[in-house]
Amino acid sequence: MGVYTSTEPLVRMEQITKRFTGVTANLDVDFDIRPGEVHALLGENGAGKSTLMNILYGLYRPDSGTILVSGDPVSFSSPRDAIHAGIGMVHQHFMLIPSQTVWENMILGLEKLPAVLPKRSIRDRILSISGQYGLMVDPDAHIWQLSIGEQQRVAILQMLYRQANILVLDEPTSVLTPQEAEHLFTTVRQMTSEGHGVVFISHKMDEVMDLSHRVTILRKGRLVGTVETASTTKERLAEMMIGQKMIFQIEKKNIAPGRPLLECAAICASSDRGIPAVVRATFSVREHEILGIAGVAGNGQQELCETLVGLREVESGSIHLDGENLTNSSPKTFIEKGVHYIPADRKGTGLVPNMNVSENSILKRYWNRPVSKSGFIDWKEVFSFARSLVSRYSVSTPSMETPVRNLSGGNLQKLMLGRELSDSPKLILAVHPTWGLDVAATKFVREQLLAQREQGSAVLLVSEDLDELLAMSDNLAVMFKGEIMGVLDSPADTPVESIGLMMAGTPAEEALSSISEGGEKS
Amino acid sequence: MKLSVKIEPRLETSRKLGIAIPVFSLASALLSGAVFLFFMGVSPLQAYSTILRSSLGDAYGLSETIVKAIPLAMAAIAVMLSFTMLIWNIGAEGQIFMGAMATAAAVRYLFVDNHAVMFLIMFTAAGIAGGVWGAVAGYLRARWSVNEIITTLMLNYVAMNLLNYFVYGPWRDPASLGFPMTAPFPDAARLPSFWNTRIHAGLFLALLLPLVFWIVLRFTRWGYEIRVMGENPKAAGFAGMSYLKNVVLVMFLSGAIAGIAGMCELSGLQGRLQHGFSGGYGYTAIIVAWLARLHPIAILLVSFLMGILLVGGETLQIVMRLPLSSMLVLQGLILFFVLGGEFFRKFRIRIFFRGVPNPQPTISEKEGN
């Protein structure tokens, strides 16, 4: 451990810019890490936090900007270079090999290994590091036998084993129980007390306030600012993260809502890992109404939507659509009753990437006339249907035979939107419908959803873009840990800070009153 | 300026390229096969011309080629069906064995002295036996994600040894002088053969099945479902398709077709069940299906080509004293190049001088609206 001065940063990133096709992920971002500090990187999904850190870790090359390690400019072409420079990163999805043991994973990718692995010395080193940082784990256990929290410890150990001086943790607590998270914080504090620098990517305000020394806030790829944690408040951070309300205006007609179409009564469901993901969610959506669902990603929004299309079991509670009980019906029943779903994962769930535009256009109607007649598919009808979708929703594609994997995100979304909206659905579930889209495509998608509202559909809009939610929604529900913290009936008039607090777990009444009194919330 | 090579995805594969790539792959395989033959100490040209002459040169050669192509085409259709759904049925060989065993059992225990009735009985028995053999692996895969490559492969050995048990044990013909084989089938249990050759009625099934499955996959609702499920099971679930049901069904059908291929081979050609009866058709069928790019009609053509190689290989063995396994090397080379050719179908390689950027516009860049 060398001598360091607390003012000289371990790493400095200057004017980093990174563009992907059509999207600017980072624009002129400055960021530095000092020895002995936890530097939190805060921002909504898609704000560019992970991109910035992936650049630091050598996974992406910046289009412009420089990275300085202890004052010297460096150029990383792979994570290996970054690790050599003392930078380690633990991703949300751990890069571990499940069938191998902890100690085998520890030496994964290390260069210059002897032909016969010195198992004992590796194990000893693991035990000494894990003792030092409280990262208790059995070196001989196989990764698949470990809980997610333990796997995370292994991933951190892996970096420490490589003598990483700077550790980047990408949303480390999103997969942990509160106890595991507390344990992680102890480790992080131990590391900083020894002069390591830790970057903590998160969008959970409480943790950031609790753990970090400084906070850098990104919004839509740009740097909003870097502040000392001690001199700021949660509300201030929420504001910086979310930004000003109503940056854009869209035309939304005033229409009185009609009869309730979707009624959910105390529905409960579990995540893939068997943990409660939706907890007694009760709400309804009426004709001509958009219900927005706000919340930090991973608080049960995805699971909630899956129950509403028959892809996830409802353990208790009931789902009624237009008065009809559809609890735990099959996906096909939901489709036939007029529930249409625009999933966040376009290529993974919504479309079949290797099939062409026309084949994808009929995914939700291939069993119905006129596309299908007595078991056979009428490709002529399919082509004319696809052609009409493509022209009505202005999908830019070379032909109807182009595999959709070759379409851009905006065109994928338009195609999917066209498919889901083309037969006046009763209920539309739209999850992050404008994620990753450029301005024009975003506007188009929003207009289409509003048009459906006008025609009488009920729309459930899940998004992390609060601007979008506030502009689009008639009512806004906030989800936290699977629970609906409250439904706001005039979201546009609610202070952003209150919504931010609800997203962080404060019940509606408390969140609303604490802000309206103008007082600090303890 | 520096020469640099860039690999980029193709937006679309033209029809011309779709034909050129397999042809080029085949040519490359034969070329490297020539190198191999050269080192085996024979003239590659002579070897290849022997292959062609013996398999296509006269009526007998041609008929033998067709005889080999019949089980290949049927088994290739079987594996094609499961491959389309991205279920890797490597077990056609075992399913062929099961079909053959069921046929022999039907002849032994359910014999009816009538061609048509006996055909129906054997057809049904072979289909069910092969189908169940496939469906077991399918169910394990769909229900508990048990890797079907392993299960189908292992089931091959189970089927093979089961067959050995019967032909060495309870079903052995006392008159066979100790050879592991059953008694010859009675006439009613034989498929008719034609034109004084060994070509048998299995030919019609081998011609019919590709046509049927071409129509099924291309034009029916179920075919569409299978293709969607193969490409993206998640999207299939989202569209309301049942994965479990269809995996089991596809594996049943796949196994049933392979089983029926076994029945045809047995009752059309060999006339008695014996040790080592299939000769690896179930494995060669995998190469055939891939070479045909899982296109049912192309499978017919490729089976015929593979028939040429098999018949020619047998002649090479006799005339040039090459081991039969050298034909397996050629087959392996073909599969290797065909799989390698897949890469060029999806990607293009561009060579350009750095400093002269000349990027092809992609769709997303053209979009601009």
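## A parallel strand pair in chain A

In this predicted model, strand E13 (residues 289–294) of chain A and strand E21 (residues 475–480) of chain A run parallel and are joined by four bridges. Within this pairing, Gly292(A) has Leu476(A) in E21(A) as its bridge partner.

## The sheet and its helices

E13(A) and E21(A) belong to an open sheet of six strands in chain A, ordered E16-E19-E20-E13-E21-E22, in which the pairing is mixed. Strand E16 (339–342) and strand E22 (483–488) of chain A form the edges, each pairing on one side only. From one strand to the next, the twist averages 20°.

Helices also pack on this sheet. H14(A) touches E16 and strand E19 (427–431) of chain A, and its direction makes about 175° with that of E16(A). Helix H17 (residues 496–503) of chain A touches E13, E21 and E22 of chain A, with a direction at about 35° to that of E21(A).

## Where the chains meet

The contact between the two chains involves 35 residues of chain A and 21 residues of chain B. On the chain A side, the elements that give two or more residues are helix H10 (331–336), helix H11 (346–350), strand E18 (376–377) and helix H14 (409–421) of chain A.

## Chain B in outline

Chain B contains 14 helices and two strands. Of its 369 residues, 45% are buried. Among the contacts in chain B with a separation of 6 or more, 80% are between residues 24 or more positions apart.

## Helix packing and the nonpolar core

In chain B, the axes of helix H11 (residues 281–291) and helix H13 (residues 325–346) come within 10 Å and cross at roughly 35°. The crossing of H11(B) and H13(B) is left-handed. From H11(B), Thr284(B), Ile287(B), Trp290(B) and Leu291(B) meet Gln331(B), Ile334(B), Leu335(B), Val338(B) and Leu339(B) of H13(B). Seven nonpolar and two polar residues make up this contact, with no charged residues.

The largest nonpolar core has 253 residues, and those with the most contacts inside it are Met74(B), Ala75(B) and Ala76(B). Leaving aside neighbours within four places in sequence, Ala75(B) is in contact with Ala92(B), Ile96(B), Ala258(B), Ala261(B), Tyr281(B), Gly282(B) and Ala285(B). In general, nonpolar side chains tend to be buried together in soluble globular proteins.

Technical notes:
Residues are numbered from 1 along each chain as its sequence is written. Chains are lettered from A and ligands numbered from 1 in the order in which they are written. This is a predicted model: local features need pLDDT of at least 70, side-chain atom pairs count only at pLDDT 80 or more; totals for chains, interfaces and linings use all residues. A nonpolar core is a set of buried Ala, Val, Leu, Ile, Met, Phe, Trp, Tyr and Cys residues joined through C-beta atoms within 7 Å. A residue is buried if 20 or more other C-beta atoms lie within 10 Å of its own, exposed if 12 or fewer, and partly exposed in between; C-beta atoms are placed from the backbone. Two residues are in contact if their C-beta atoms, placed from the backbone, lie within 7 Å. Axes are lines fitted to C-alpha atoms, for helices over the stretch in contact, and angles run from 0 to 180 degrees between N-to-C directions. A crossing is left-handed if the near helix is turned anticlockwise from the far one by less than a right angle, and right-handed if clockwise. Ala, Val, Leu, Ile, Met, Phe, Trp, Tyr, Cys and Pro count as nonpolar, Asp, Glu, Lys and Arg as charged, and the others, Gly among them, as polar. Two strands pair if DSSP finds at least two bridges between them.
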